[in-house]
Amino acid sequence: MTEEKYTLETVLSVKKWAANLFSFTMTRPAHFRFTAGQFARIGLQSDGELIVRAYSVVSSPFDETLEFFSIVVPDGAFTSKLQNLKAGDQLYLEKIPYGFLTLARYQQPTPHDLWLLATGTGLAPFLSMLQDFDTWQKYRYIVLAYSVRTSDELAYVERIREIQQIFAQESDAEFIFLPIITRDPFASLNQRLPKLIESGQLEKAADLKLHIETSHVMLCGNPQMVEDTKEALKSIGLVMNRRGVGNIAVENYW
Ligand code: NAP
């Protein structure tokens with residue numbers, strides 16, 4: 001059964017970002033095809049049992065390896081084991097990817113400005129999208145707002161800059177990166193996303209309007225953030241994307 005559903009892959013590298021945050025790369029089997037924004041199901045053996053968790057892919061669909069970004073959940077059966085991961089270890093990977101937080105879901109409005117709003121490890125699917133040339137060719141503006149509690153939790157910042165350099169050069173899209181550090185009174189943006197939307201501060205920082213006729217907005221991360229931000233976006237006139245039509249698409253991250 002396990003062999004039918006999963007392949008065993010090898011961990012290639014592990015990077016620690018903060019006390020409770022790490023990322024890892026592993027081998028990618030040729031059959032594992034995914035669209036940027038989708039997630040994989042990863043498994044490990046614990047006391048003779050296979051435990052499986054969903055992880056959005058960080059790497060692009062064109063990379064030879066797979067990368068994932070994880071938080072250590074206190075007393076979590078999975079991540080307490082996963083945090084001790086090292087190169088050479090093996091993990092199970094379900095053969096098929098999952099999820100609908102992909103740009104292909106948008107038909108109306110047609111692509112113009114893309115807002116990627118993340119908290120914590122919810123950044124992962126957006127990193128994958130940002131490393132896909134299609135994203136840069138579709139949109140005129142791409143805004144990435146990434147909210148963390150403290151500055152040490154702000155992972156992947158250098159990578160985001162590299163992505164901007166590589167991809168923005170080859171396209172007409174303008175990229176706007178807005179880090180939000182909610183527990184730092186000196187950070188230039190330090191309010192939670194719903195507040196920043198309601199006050200107009202997010203639009204001001206991006207120098208761009210959220211608008212029902214132009215904006216695609218994706219939310220990923222803390223389930224309460226997703227809920228509250230959805231409501232804030234609705235209050236300024238945006239609507240949920242259903243059957244391809246509408247602005248807002250969401251993914252709860254745990
Ligand atoms: P977090 O509490 O989700 O905080 C990350 C950012 O989201 C912070 O800027 C935080 O602002 C903001 N935020 C929190 N609630 C919000 C809301 N309702 N609206 C808008 N923004 C909001 O921190 P985290 O480190 O990513 O995760 C915290 C806990 O979630 C961990 O202890 C972990 O156990 C659990 N978690 C579980 C999984 C899983 O797979 N099981 C995955 C990720 C996280 P504030 O500073 O104002 O709170």
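Is Leu127 buried or exposed? Leu127 is buried, with a relative accessible area of 0%; buried means under 20% relative accessible area, exposed over 50% and partly exposed in between, with a 1.4 Å probe and protein chains only.

## Basis of the model

This is a predicted model, in which local features need pLDDT of at least 70 and side-chain atom pairs count only at pLDDT 80 or more, while totals for chains, interfaces and linings use all residues. Residues are numbered from 1 along each chain as its sequence is written, and side-chain values use heavy atoms, with hydrogens and water left out.

## Leu127 and its surroundings

Leu127 lies in helix H3. Helices (H or I, at least four residues) and strands (E, at least two) are DSSP runs, numbered from the N terminus. Leaving aside neighbours within four places in sequence, Leu127 is in contact (heavy atoms within 4.5 Å) with Val58, Tyr156, Ile160 and Ile163. Tyr98 is 29 residues from Leu127 along the chain, and the C-alpha atoms of the two are separated by 17 Å.

## The largest nonpolar core

A nonpolar core is a set of buried Ala, Val, Leu, Ile, Met, Phe, Trp, Tyr and Cys residues joined through side-chain atoms within 4.5 Å. The largest one has 37 residues, of which Leu116, Phe126, Ile142, Leu144, Tyr146, Ile160 and Met218 touch the most other members. At least two residues of this core come from each of strand E7 (113-119), helix H3 (124-130), strand E8 (141-148), helix H5 (157-169), strand E9 (174-181) and strand E10 (215-221). H3 gives the most, with five residues. The core lies between domain 1 (2-94) and domain 2 (103-252), because both give residues to it; the domain bounds come from an automatic or database domain assignment.

Not counting residues up to four places away in sequence, Leu116 touches Phe126, Met129, Leu130, Ile142, Val143, Leu144, Ala145 and Met218. Another core, of 25 residues, lies apart from the largest one and includes Trp115, Val143, Ala145 and Leu178.

## The ligand site

The ligand is surrounded by 19 residues (a heavy atom within 4 Å), and the closest are Ser147, Arg149, Thr182, Arg183 and Arg192. Polar side-chain atoms of two of these residues lie by oxygen atoms of the ligand: that of Ser147 at 2.7 Å and that of Thr182 at 2.6 Å. A polar side-chain atom of Asp228 lies 3.0 Å from a nitrogen atom of the ligand.

On its own the ligand has 880 Å² of accessible area (Shrake-Rupley method, 1.4 Å probe), and the protein covers 80% of this. E8 and helix H8 (223-235) are the elements that give two or more residues to the shell around the ligand. H8 gives the most, with three residues.

Methods
A polar contact is a pair of N or O atoms within 3.5 Å; within protein, one must be able to donate a hydrogen and the other to accept it, and residues adjacent in sequence count only if both atoms are side-chain atoms.
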